[in-house]
Amino acid sequence: MFKKILIANRGEIALRVIRTCREMGIKTVAVYSTADKDSLHVKFADEAVCIGKPASIDSYLNVAHIMAAAEITNADAIHPGYGFLAENAKFAKICGDHGIKFIGPTPDMINAMGDKITAKQTMIAAGVPVVPGVEGLLEDVDHAKREAARVGYPVMLKATAGGGGKGMRVVWSEDEIEKAFDGAKTEAAAAFKNDGIYMEKFVEEPRHIEIQIVGDQFGQVCHLSERDCSIQRRHQKLVEESPSPFMTPELREAMGNAAIKAAASINYEGVGTVEFLVDKHRNFYFMEMNTRIQVEHCVTEEVINYDLIKEQILIAAGDKLTGKNYIPVMHAIECRINAEDPYNDFRPSPGKITVLHQPGGHGVRVDSHVYAGYVIPPYYDSMIGKLISVAQTRQEAIDTMSRALSEYVIEGIKTTIPFHQQLMKDPKFRSGDFNTKFLETFKMQ
Ligand code: MV4
């Protein structure tokens with residue numbers, strides 16, 4: 001087992017990893033930017049090393065500084081968390097080259113899923129359902145026009161280096177395609193330095209349902225059931241839950257098996273998530289695979305009673321899986337608490353938290369790095385915590401969430417708490433009748 005893990009991240013996920021390490025008797029090293037010197041992850045780790053100025057590029061993305069911190073503290077593994085370097089194959093390779101275990105998949109596995117066309121071709125070969133469309137890149141506008149006529153409008157143009165909505169366009173008819181193709185290409189080139197575009201049939205009003213998987217170093221892959229992440233705004237998830245209100249035992253079995261096939265086809269090692277689009281007829285299609293721990297991993301932990309960070313560490317150290325898949329025995333909901341103003345187009349609201357009271361009690365979990373007096377820096381994402389409710393049924397989990405939200409006091413900044421309070425009362429949300437378009441028409445009262 002590892003003796004000392006460096007956490008190449010900040011905020012709540014750094015704290016989350018430190019907590020499990022402490023339970024496992026593993027020493028921890030925090031790294032931090034000058035903007036984060038007063039952060040809890042710095043205080044709670046056994047050691048802490050400053051790795052640079054506030055901008056991510058100078059600190060949490062600065063590979064040389066992070067490797068130097070690992071060498072001087074004698075860390076034998078690095079946990080990347082999510083975001084920053086978590087899906088950076090070059091960083092995973094550099095860790096290996098320095099004899100430091102990267103807690104996650106190998107560089108080859110990260111690359112296989114990082115390029116979306118490659119990933120889709122791998123899925124087709126593995127027998128995982130994908131959205132019908134064109135295999136490979138679109139050469140030019142004329143090629144796009146010919147293929148769109150064959151696939152049938154509406155179609156979607158996507159960036160092969162994309163994910164998260166950048167370089168993506170819906171095209172409803174031929175007269176729109178030239179502008180959409182050029183726009184997607186320009187946007188992809190600017191965002192990813194890769195302007196490769198491909199085409200799919202547009203799936204209307206889909207749900208976003210993802211399957212958590214885990215694979216060991218010996219080729220065994222298991223699934224840990226689904227999370228419904230359909231409550232998103234501009235590709236930012238705001239609420240996740242498990243089980244999905246749209247799930248059936250048959251669909252779970254089929255999607256679970258597809259996710260296992262997807263991961264097993266690349267001999268996947270570590271925890272990962274296979275994202276699917278699910279249409280109203282319960283047809284499901286591979287969308288992409290995330291080769292990291294995700295923000296919303298907690299809802300899975302709560303419904304199957306399983307520490308996913310501990311599992312990541314055990315697998316990285318060479319433990320074998322039992323081969324068992326897990327089905328939810330509870331219902332969990334996660335609300336992302338962001339320093340944003342929901343009455344003002346979710347505008348970021350960094351600054352000092354003057355008063356803080358976090359909820360507690362039966363069925364409530366808070367994963368957060370903030371405290372009274374903490375100043376939220378403007379340099380990073382605006383998530384300041386996650387509130388998770390757990391109960392035997394969905395209705396009870398919603399009621400527990402409403403109660404917990406009503407106890408949450410954060411003064412000095414604006415937060416997404418009022419949004420979540422309103423959502424928990426929404427009849428459509430309460431009935432489970434929602435898809436990825438739900439928030440487009442949601443209005444704050
Ligand atoms: C789609 C789609 C409909 N049809 N692909 C959004 C992010 C990127 N990973 C893929 N996305 C989508 N791909 C086809 N063929 C609709 C979306 C989409 C979406 C997906 C999941 C959650 C929220 C979304 C919001 C808008 C569009």
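Good morning. The model is predicted, and local features are reported only at pLDDT of at least 70, side-chain atom pairs only at pLDDT 80 or more, while totals for chains, interfaces and linings use all residues. Residue numbers run from 1 along each chain as its sequence is written, and side-chain values rest on heavy atoms, with hydrogens and water left out.

I begin with the chain as a whole. It contains 14 helices and 22 strands; these are DSSP runs numbered from the N terminus, helices being H or I of at least four residues and strands E of at least two. Along the principal axes, the C-alpha atoms fill a box of roughly 60 × 55 × 45 Å. A compact globule of 445 residues would have a radius of gyration near 22 Å, and the chain, at 22 Å, agrees with this. That radius is taken over C-alpha atoms, and the globule rule is 2.2 Å times the number of residues to the power 0.38. Of the 445 residues, 58% count as buried. Buried here means under 20% relative accessible area, exposed over 50%, and partly exposed in between, with a 1.4 Å probe and protein chains only.

I turn now to the ligand. Which residues are the closest to the ligand? Among the 17 that surround it, they are Lys158, Glu200, Lys201, Val203 and Glu288; a residue is near if one of its heavy atoms lies within 4 Å. A polar side-chain atom of Lys158 is 2.8 Å from a ligand nitrogen. A polar backbone atom of Lys201 also lies 2.8 Å from a nitrogen of the ligand. An N or O atom in the side chain of Glu288 is 2.9 Å from a ligand nitrogen. On its own the ligand has 520 Å² of accessible area, of which the protein covers 89%; such areas come from the Shrake-Rupley method with a 1.4 Å probe, and for residues only the protein chains shown count as cover. Strands S6 (155–159), S8 (197–201) and S13 (284–290) are the elements that give two or more residues to the shell. Because domain 2 (132–201) and domain 3 (207–440) both contribute residues to that shell, the ligand lies between them. The domain bounds come from an automatic or database domain assignment.

Next, two helices. Helix H10 (residues 297–304) is mostly covered, with 7 of its 8 residues buried, including His297 and Glu301. Just after H10, Asn305 takes a positive phi of about 55°. In helix H11 (residues 308–316), 8 of the 9 residues are buried, so this helix is largely enclosed by the rest of the structure. At the start of H11, a side-chain oxygen of Asp307 comes within 3.0 Å of the backbone nitrogen of Ile309. Just after H11, Gly318 has a positive phi of about 105°.

Finally, two single residues. Thr118, in helix H6 (residues 116–126), is partly exposed at 35% relative accessibility. A polar contact of 2.7 Å joins the side chains of Thr118 and Asp115. By polar contact I mean a pair of N or O atoms within 3.5 Å; within protein, one must be able to donate a hydrogen and the other to accept it, and residues adjacent in sequence count only if both atoms are side-chain atoms.
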